[in-house]
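Biologist: Please show me the model, and then let us go through the terms used for it.

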Amino acid sequence: MRKSPLFAAFLVPSVLVAVVFLAAIADVLQYSFRRFIPGSLDVGAFTLENFLRINRPIYVSVLIETCIISLVTAFFALLLSYPVAYALVRARRNWVRSLLIVLAITPLFTGEIVRTYAWMLVLGTDGFLNTVLRKLGLIHSALALMYTTTGVVIALVQFSMPVMIIVLATAISHVDTDYEKAAANLGARPGAVFWRVTLPLTLPGVVSGFIVIFAWTMSAFSTPQLIGGGKVLMISNLVYLQGFSSFNFPLATLSLVALAAALGSVALIRPMTARLERHVAVA
């Protein structure tokens, strides 16, 4: 089959971006194999010591905490986004669908730093959330949300929801409503139709969205940096602290570990969704 000129026009920029991306990774990778010289911006000779240092408790704990925060963020983003995505696809009125689309994707139009500062105003001791709860008489003392893992997760979930909604809405839109109508005609209640028909058919999209958000959150920097206030460390924050406070650029090994974890999780999307699709087809 002959390729069209339009295909080549789109392929060339993609290849160039991939080359630049690989070159940047290669540059970071070479730092990982160089010796750290305290007090100097230069790096030393070839060494494998940097990879052995990853076993230190502080690095292991940060890696584990990053994975836990990413998993929790992906879970709650999925839990909160599925109803919105379902309503977006199944809405009968066009204005309702348009409103949900606008509300879902509007956060993507603002920068991450702006959104993070907005959440600092909401989660602060005298912020919007604590002020409302106190006036309603639900709390007597302010909730400690700033500089905590809970506050970081809340912000990350909100940042992740637009992407999760788009992924889930795409999966739900591919579910033929005739299956749901057939189940209802056979006597299934709405809840049973959802659990036995809709949800299983959208599982590939659920898995894809979960993995994408997990991989995305693994590289979070500004949110844990500002809302965590140095008390919540993720891999990106640790690399930043080591790189700019002690100029320990060979510690880029940690960033490669995070990148490997993110790319590895993304690589699981295709085989996992294919297996789920086969399972659903058999069922």
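Modeller: H3 passes H7 in a right-handed crossing, meaning that the near helix is turned clockwise from the far one by less than a right angle, anticlockwise being left-handed. Helices here are DSSP runs (H or I, at least four residues), numbered from the N terminus. This is a predicted model, where local features need pLDDT of at least 70 and side-chain atom pairs count only at pLDDT 80 or more, while totals for chains, interfaces and linings use all residues. Residues are numbered from 1 along each chain as its sequence is written, and side-chain values use heavy atoms, with hydrogens and water left out.

Biologist: What makes H3 oblique to H7?

Modeller: The axes of H3 (residues 57-90) and H7 (residues 149-173) come within 5 Å and cross at roughly 45 degrees. Angles under 35 degrees count as roughly parallel, over 145 as roughly antiparallel, 65 to 115 as roughly perpendicular and the rest as oblique. H3 is therefore oblique to H7.

Biologist: Why are H7 and H10 called roughly antiparallel?

Modeller: H7 and H10 (residues 203-218) pack at an angle of about 150 degrees, with their axes 9 Å apart. H7 and H10 are therefore roughly antiparallel to each other. Residues that meet across this pair include Phe159 and Met164 in H7, and Phe210 and Trp216 in H10; contact means heavy atoms within 4.5 Å. The residues of this contact divide into 12 nonpolar, five polar and no charged.

Biologist: How do you know that Arg90 forms a salt bridge with Glu180?

Modeller: A salt bridge is a side-chain nitrogen of Lys or Arg within 4 Å of a carboxyl oxygen of Asp or Glu. The closest N and O atoms of Arg90 and Glu180 are 3.1 Å apart, so the pair meets the definition. Arg90 lies in helix H3 and Glu180 in helix H8, 90 residues apart.

Biologist: Why does Glu180 count as buried?

Modeller: Buried means under 20% relative accessible area, exposed over 50%, and partly exposed in between (1.4 Å probe, protein chains only). Glu180 has 11% relative accessibility, so Glu180 counts as buried. Arg90, at 22%, counts as partly exposed.

Biologist: How many salt bridges does the structure hold?

Modeller: The structure holds two. Asp126 also forms a salt bridge with Arg134, with the closest N and O atoms 3.6 Å apart. Asp126 has 66% relative accessibility and therefore counts as exposed, whereas Arg134, at 31%, counts as partly exposed.

Notes: Axes fitted to C-alpha atoms, helices over the stretch in contact; angles between N-to-C directions. Helix = DSSP H or I, 4+ residues; strand = E, 2+ residues; numbered from the N terminus. Nonpolar A, V, L, I, M, F, W, Y, C, P; charged D, E, K, R; others polar.
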